[in-house]
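Biologist: Could you bring up the model so that we can go through a few parts of it together?
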Amino acid sequence: MMHRFSRSTFSCGLILWTCVLGHVIAQSHKAVVFMHGIFGSTKESTMLESFIKQVHPDTPFYSIALYQRFSSLVPMWKQVEAIKKEVEGIMSNHTNGIHLICFSQGGLICRGILSTTQHNVDTFIALSSPLAGQYGDTSYLRHLFPKFLKSELYRVLYTKAGQDISIGNYWKDPHHLENYQKHSNFLAPLNNDTYTPQINDYKKNFLRLSRIVLIGGPDDGVITPWESSHFAFYDTNEKVVEFEQQRYFLEDSFGLKTLFSEGKIKIYVIPGVQHVHWHSNRTVFNSAILPWLI
């Protein structure tokens, strides 16, 4: 199900929040775990935690403090392994299940966790995350590689040294897919873009989810294409191909098609939100996050 919001729709957020409040207040609230993005920290969860506590203050809330700021550039699998241990500890203390809210690069960290553990995550909320990869000239990229255009970065990122940088692990150059398939040691195996013997386990674990909520919008300014937050991506002409036409969906490589057919994927397209504001925007919370925190 896809939800599209116009800017005028934002004024209705409070009404939706009020309606939802009456529904959730009588229910038990699962713990929420927040995973920050690249160059981020636990501070990214400050407003989100405040929003949640205002609605149902009994919700246990955890913000992952590992790999903050520049340490978020550590290779993705290394981050996944360390963060997974912390999340597993939280899950063991909340046997009724938890919700994951994962921002930007954090969404891919959470995907790695969800694919490699027999988790009890109820809802995975991916908040403007490059789930299908990243390919764009952004301020983040220019900060790391000031002398390179996006069209040249494959020469750097599709190398052993390039795969020692987190963004290299999910950089997907649509003009050099063979290099991506050969060298990407994180996103390519997760999406079954390259053979991995663990893919059946990835799928089995991913299908333990009760729901996936995918949130993104055209004014994001960082995730490129922004539709990657909905598992869509560029073809070789840099035209966006919707997720239902992606090979990993059609072949149900890691369970996306199954979850979609069961009505477990909720998609939100919200304009007017810049990348750094997704986790602190009250309308985003009211409209696309709060309804699923039950």
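**A loop residue and a helix pair**

Modeller: Phe254 is found in the loop between α10 (247-250) and α11 (256-261), where helices are DSSP runs of H or I with at least four residues, numbered from the N terminus. This is a predicted model, in which local features need pLDDT of at least 70 and side-chain atom pairs count only at pLDDT 80 or more, while totals for chains, interfaces and linings use all residues. Residues are numbered from 1 along each chain as its sequence is written, and side-chain values use heavy atoms, with hydrogens and water left out.

Biologist: Is Phe254 buried or exposed?

Modeller: Phe254 counts as buried because its relative accessibility is 1%, with buried meaning under 20% relative accessible area (1.4 Å probe, protein chains only).

Biologist: What is Phe254 in contact with?

Modeller: Leaving aside neighbours within four places in sequence, the contacts of Phe254 (heavy atoms within 4.5 Å) include Arg111, Leu190, Phe231 and Tyr248.

Biologist: Switching topic, at what angle do α3 and α4 pack?

Modeller: Helix α3 (residues 76-93) and helix α4 (residues 105-116) pack at about 70 degrees, with their axes, which are lines fitted to C-alpha atoms over the stretch in contact, 9 Å apart. That makes α3 roughly perpendicular to α4, a label for angles of 65 to 115 degrees.

Biologist: And which residues make that contact?

Modeller: Among them are Trp77, Ile83 and Val87 of α3 and Leu108, Ile109 and Ile113 of α4.

Biologist: How high is the mean pLDDT of the chain?

Modeller: The mean pLDDT, the predictor's confidence in each residue on a scale from 0 to 100, is 92, although over residues 10-26 it is below 50. Where pLDDT is low, the predicted coordinates should not be read in detail.

Technical notes
Axes are lines fitted to C-alpha atoms, for helices over the stretch in contact, and angles run from 0 to 180 degrees between N-to-C directions. Helices (H or I, at least four residues) and strands (E, at least two) are DSSP runs, numbered from the N terminus. Angles under 35 degrees count as roughly parallel, over 145 as roughly antiparallel, 65 to 115 as roughly perpendicular and the rest as oblique. Buried means under 20% relative accessible area, exposed over 50%, partly exposed in between (1.4 Å probe, protein chains only).
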